[in-house]
Amino acid sequence: PNQPPSRYVTVADGFARRGQYEDAAGFLRSAVHQNPRDTEAWLALGMALVEHADGVPTPAAVYAFSQAEASRPGHPGAAYFLGIAMLRAQKPQETRAIWARLIEGAPADAPWLPAMRERLAQLDALLSNVPAQETQ
């Protein structure tokens with residue numbers, strides 16, 4: 001069931017848009033404390049923590065993404081955004097592994113599957129043009 005984001009997510013988004021990632025993360029911590037099954041809040045918290053750390057997927061951000069996955073198994077958001085964070089952290093092989101697992105575990109009729117396959121193909125094309133020592 002799709003619901004609008006919680007008020008915490010809405011307020012945190014405003015902070016994040018102004019670059020106030022620490023404030024956004026604070027609001028989102030309140031959201032997940034109040035409702036540990038709020039997938040959108042966990043995703044937003046993971047992203048705010050990555051942004052606050054200048055693009056580094058910190059252990060706290062990875063935890064937030066894992067909680068998003070646990071709160072709604074099969075939802076592609078956690079794996080997608082964790083993959084983006086790993087890519088930004090110059091860890092494309094980790095991104096590839098995360099996205100490949102997501103695709104392999106997806107139902108054949110998942111509406112997001114074609115787009116994820118396309119992103120993985122784009123990543124593979126990029127990786128095939130980079131010398132092996134640079135992708136480690």
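1. The count of aromatic pairs comes to four. The model is a predicted one, and the points below should be read accordingly.

2. F15 belongs to helix 1 (residues 7-17) and F27 to helix 2 (residues 21-34), so the pair ties together parts that are twelve residues apart in sequence.

3. F27 counts as partly exposed, at 32% relative accessibility.

4. The rings of Y80 and W99 have centres 5.7 Å apart and planes at 5 degrees, so this pair is stacked. Y80 lies in helix 5 (residues 77-88), whereas W99 lies in helix 6 (residues 92-105), so the pair ties together parts that are 19 residues apart in sequence. W99 has a relative accessibility of 3% and therefore counts as buried.

5. Which residues do ring pairs link into a cluster? The cluster consists of Y80, F81 and W99.

6. A further arrangement involves a ring and a charged side chain. R7 lies over the face of Y8, at 4.6 Å from the ring centre.

7. The backbone also deserves attention at two positions. Most residues other than glycine have a negative phi. D54, although it is not a glycine, has a positive phi of about 55 degrees. D54 is found in the loop between helix 3 (39-52) and helix 4, and it counts as exposed, at 70% relative accessibility.

8. Q90 likewise is not a glycine, yet has a positive phi of about 60 degrees. The position of Q90 is in the loop between helix 5 and helix 6. With a relative accessibility of 64%, Q90 counts as exposed, because exposed means over 50%.

9. Where does S71 lie? S71 is part of helix 4 (residues 59-71). S71 is buried, with a relative accessible area of 8%. When its neighbours within four places in sequence are left aside, S71 is in contact with P36, R37, D38, T39 and W42.

Methods: Residues are numbered from 1 along each chain as its sequence is written. This is a predicted model: local features need pLDDT of at least 70, side-chain atom pairs count only at pLDDT 80 or more; totals for chains, interfaces and linings use all residues. Side-chain values use heavy atoms; hydrogens and water are left out. Helices (H or I, at least four residues) and strands (E, at least two) are DSSP runs, numbered from the N terminus. Buried means under 20% relative accessible area, exposed over 50%, partly exposed in between (1.4 Å probe, protein chains only). Contact means heavy atoms within 4.5 Å. Rings of Phe, Tyr and Trp (its six-membered ring) pair if their centres lie within 6.5 Å; planes under 30 degrees apart count as stacked, over 60 as edge-to-face and the rest as tilted. A charge sits over a ring if NZ of Lys or CZ of Arg is within 6 Å of the ring centre and within 35 degrees of the ring normal.
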